[in-house]
Amino acid sequence: MGVGSISKTVPVEFGGRWFWAYDVSLGILLLEAIHVAVQVPAEQRPPWAEAVLEDLRTHIRVGASFAFSLDGDGWDDQQRSYVRSIIAEAGRRLRGRGMITSAEAARRYVIDGAPYFLRGHDQIDGAVVADLAAAIERLIQDELPPVPAIDRRWYFGVGDGPRTL
C-alpha cells in the first residue's frame, strides 16, 4: 500500500454492529488471510474464491477509506463463511508467529508488488492482530462486550488490548 490513508481507523461491520480496527492490523490480517487461501491449490478452491480474495485486496488498498463489511451485498453466505474461516486461520497463524519485524513484514505482506504500509512500525505484534481476528469472530457471534459509553465504540488491533474511541 504505497499511499497511506489519513485516518488510521476502519469500521468493521456485521449485522448492524461494528467496531473500529487499526488499519495496519486489519491490512496485515487480510494479507495473512489471503496467504491462507492461496496455499490451497487453485483447482481445490471454490470457483468464486479469487473474486473474494480480490475484494480483500481492495480493502487492503483503500485502508481506512471505507468500512470492512462482513455482511455486505457483495458476498453470499458461502463466501462470507469462507472469509470468516480464512480470517480465523490467519489469526491462529499470527498468534503463533509472535513479533514480526518490519523486514519480515516487507517480505511477506506485499500488495501490488510493494510492501504493505506499516506507518513506520519497527515490528508488528502477531498477537495483537490475532486479537483483531478474534474480535471479528465475536462481532459475527454478537459476543462483543457492551461499550462503556453510548457515544463510544471498541477499537481493536492496537497494543495494550482493546480500547474505546
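This is a predicted model: local features need pLDDT of at least 70, side-chain atom pairs count only at pLDDT 80 or more; totals for chains, interfaces and linings use all residues.
## Helices H2 and H3

The axes of H2 and H3 cross at roughly 60 degrees and come within 11 Å. The crossing in which H2 passes H3 is right-handed.

On the H2 side, the residues that meet H3 are Ala49, Val52, Leu53 and Leu56. Their partners in H3 are Gln79, Tyr82, Val83 and Ile86. By class, this contact holds seven nonpolar residues and one polar residue, with no charged residues.

## Helices H1 and H2

Helix H1 spans residues 23–38 and helix H2 spans residues 49–62. They pack at an angle of about 160 degrees, and their axes lie 9 Å apart. An angle over 145 degrees counts as roughly antiparallel, so H1 is roughly antiparallel to H2. The crossing of H1 and H2 is left-handed.

H1 contributes Gly27, Leu30, Leu31, Ile34, Ala37 and Val38 to the contact, while H2 contributes Leu53, Leu56, Arg57, His59 and Ile60. Eight of the residues in the contact of H1 with H2 are nonpolar, two are polar and one is charged.

## Helices H1 and H3

H1 also packs against H3, at an angle of about 105 degrees and with the axes 8 Å apart. Angles of 65 to 115 degrees count as roughly perpendicular, and H1 and H3 are therefore roughly perpendicular to each other.

From H1, the contact is made by Ile28, Leu29, Leu30, Glu32, Ala33, Val36 and Ala37. From H3, the residues involved include Tyr82, Ile86, Ile87, Glu89 and Ala90, as well as Arg93 and Arg97. The contact of H1 with H3 comprises 11 nonpolar residues, one polar residue and four charged residues.

## The nonpolar core

The largest nonpolar core contains 51 residues. Those with the most contacts inside this core are Phe19, Phe68, Leu70, Ile87 and Ile136. Two or more residues each come from strands E1 (9–14), E2 (17–22) and E8 (154–156), and from helices H1, H2, H3 (77–97) and H5 (126–140). H1 gives the largest share of this core, with 10 residues.

Ile87, one of the residues with the most contacts inside the core, also takes part in the contact of H1 with H3. When residues up to four places away in sequence are not counted, Ile87 touches Leu29, Leu30, Ala33, Phe68, Leu70, Ala133 and Ile136.

Notes: Residues are numbered from 1 along each chain as its sequence is written. Side-chain values use heavy atoms; hydrogens and water are left out. Axes are lines fitted to C-alpha atoms, for helices over the stretch in contact, and angles run from 0 to 180 degrees between N-to-C directions. Helices (H or I, at least four residues) and strands (E, at least two) are DSSP runs, numbered from the N terminus. Angles under 35 degrees count as roughly parallel, over 145 as roughly antiparallel, 65 to 115 as roughly perpendicular and the rest as oblique. A crossing is left-handed if the near helix is turned anticlockwise from the far one by less than a right angle, and right-handed if clockwise. Contact means heavy atoms within 4.5 Å. Ala, Val, Leu, Ile, Met, Phe, Trp, Tyr, Cys and Pro count as nonpolar, Asp, Glu, Lys and Arg as charged, and the others, Gly among them, as polar. A nonpolar core is a set of buried Ala, Val, Leu, Ile, Met, Phe, Trp, Tyr and Cys residues joined through side-chain atoms within 4.5 Å. Buried means under 20% relative accessible area, exposed over 50%, partly exposed in between (1.4 Å probe, protein chains only).
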